[in-house]
Amino acid sequence: MRTRKTDLIGVIHNNSVEVVQFSTGKNLGDAVSVAVPRIEHVIEVRDLRGVPLAEAIEVVVDARATRQQAEVQEAVAILHIVQNYHRDLPGNPMPGRGRLVELAAEGGPLLNEFVPLELAAALGVSQQSITLLICDLLDLECRHPVLWRQVREGATPLWQARKIA
């Protein structure tokens, strides 16, 4: 029987990865070659009581930088979802499947009308707030590409770019 990648799990023990078949719990040892994903960020909430103020300021600066990177990653993912959500819609879609509508500024791409609802539910925010975010992100990408590049590179915070867009 052939093992699928989705049926595998990597268990970390003392900085080494053990490959285990999820459905049976069988250790596959060296029989399977699996790429181990790299951990980009680990956020640890530290107890700062007794820590010098200079170190606490460092923690604040690092936390802000991490939050800014996370906001950019979220924005890039939202744009990807918005631009690829049911792009195969025919000119006259079936009832309940959604239509292509213009959400952003004039000249922006047509999007499925249900994208804001799906994202709002997934993120636990209101439809209005996610629609405004989608519009701002589309405007940044389509109308302000230099500013959008600066946001992606971390040179400009997303909240400032949204005010400009």
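Author: Two residues are in contact here when they have heavy atoms within 4.5 Å, and the model to which we apply this is a predicted one.

Reader: With that in hand, which residues does Gln68 touch, not counting residues up to four places away in sequence?

Author: Gln68, which is found in helix α1 (residues 53-84), touches Gly154, Thr156 and Pro157 once residues up to four places away in sequence are set aside. Thr156 is 88 residues from Gln68 in sequence, yet their C-alpha atoms are 9.4 Å apart in space. Gln68 itself is partly exposed, because its relative accessible area is 21% and buried means under 20%.

Reader: How should I read a helix such as α3, and which of its residues are buried?

Author: An α-helix has 3.6 residues a turn, so residues three or four places apart point the same way. Helix α3 (residues 127-143) has 17 residues and spans 23 Å from its first C-alpha to its last, close to the 24 Å expected. Its buried residues are Ile130, Thr131, Leu133, Ile134, Cys135, Asp136, Leu137, Leu138, Asp139 and Leu140, and what covers them includes α1, β4 (110-112), α2 (115-123), α4 (145-153) and α5 (158-164).

Reader: What does the largest nonpolar core look like, and which element gives the most to this core?

Author: In soluble globular proteins, nonpolar side chains tend to be buried together. Here the largest nonpolar core has 22 residues, and those with the most contacts inside it are Ile78, Val82, Ile134, Leu137 and Trp148. Two or more residues come from each of α1, α2, α3, α4 and α5, with α3 giving the most, 6 residues. As for Trp148, its contacts beyond four places in sequence are Ala75, Val76, Leu79, Leu137, Leu140, Glu141 and Leu158.

Reader: How many disulfides does a search of the whole structure find?

Author: A disulfide is a covalent bond between the sulfur atoms of two cysteines. The search of the whole structure finds 0. Among the cysteines, Cys135 counts as buried at 14% relative accessibility, whereas Cys142 counts as partly exposed at 46%.

Reader: And how many salt bridges does the structure hold?

Author: Side chains of opposite charge can pair when their charged atoms come close. The structure holds 3 salt bridges. One of them joins Arg162 to Asp136, the closest N and O atoms being 2.8 Å apart; Arg162 lies in helix α5 and Asp136 in helix α3, so this pair ties together parts that are 26 residues apart in sequence. Arg162 is partly exposed, with a relative accessible area of 29%, while Asp136 counts as buried at 17%. In another, the side chains of Glu55 and Arg46 meet at 2.5 Å, N to O, where Glu55 is partly exposed at 31% and Arg46 is partly exposed at 37%. Arg49 forms a salt bridge with Asp47, with 2.8 Å between the closest N and O atoms, and Arg49 counts as exposed at 71% relative accessibility.

Reader: Turning to the loops, is Tyr85 buried or exposed, and which side chain does the side chain of Tyr85 join in a polar contact?

Author: Tyr85 has its place in the loop between α1 and β3 (100-102), and at 16% relative accessibility Tyr85 counts as buried. A polar contact of 2.9 Å joins its side chain to that of Glu118, and beyond four places in sequence Tyr85 is in contact with Asn112, Phe114, Val115 and Glu118. The C-alpha atoms of Tyr85 and Asn112 are separated by 6.7 Å, although the two residues are 27 residues apart along the chain.

Definitions and conventions:
Residues numbered from 1 in each chain as written. Predicted model: local features only at pLDDT ≥ 70, side-chain atom pairs only at ≥ 80, totals over all residues. Heavy atoms only, no water. Disulfide = S-S within 2.5 Å. Buried < 20%, exposed > 50% of the residue type's maximum accessible area, 1.4 Å probe, protein only. Helix = DSSP H or I, 4+ residues; strand = E, 2+ residues; numbered from the N terminus. Expected span 1.5 Å × (residues − 1). Core = buried A, V, L, I, M, F, W, Y, C linked by side-chain atoms within 4.5 Å. Polar contact = N/O pair within 3.5 Å; in protein donor to acceptor, adjacent residues only side chain to side chain. Salt bridge = Lys/Arg side-chain N within 4 Å of Asp/Glu carboxyl O.
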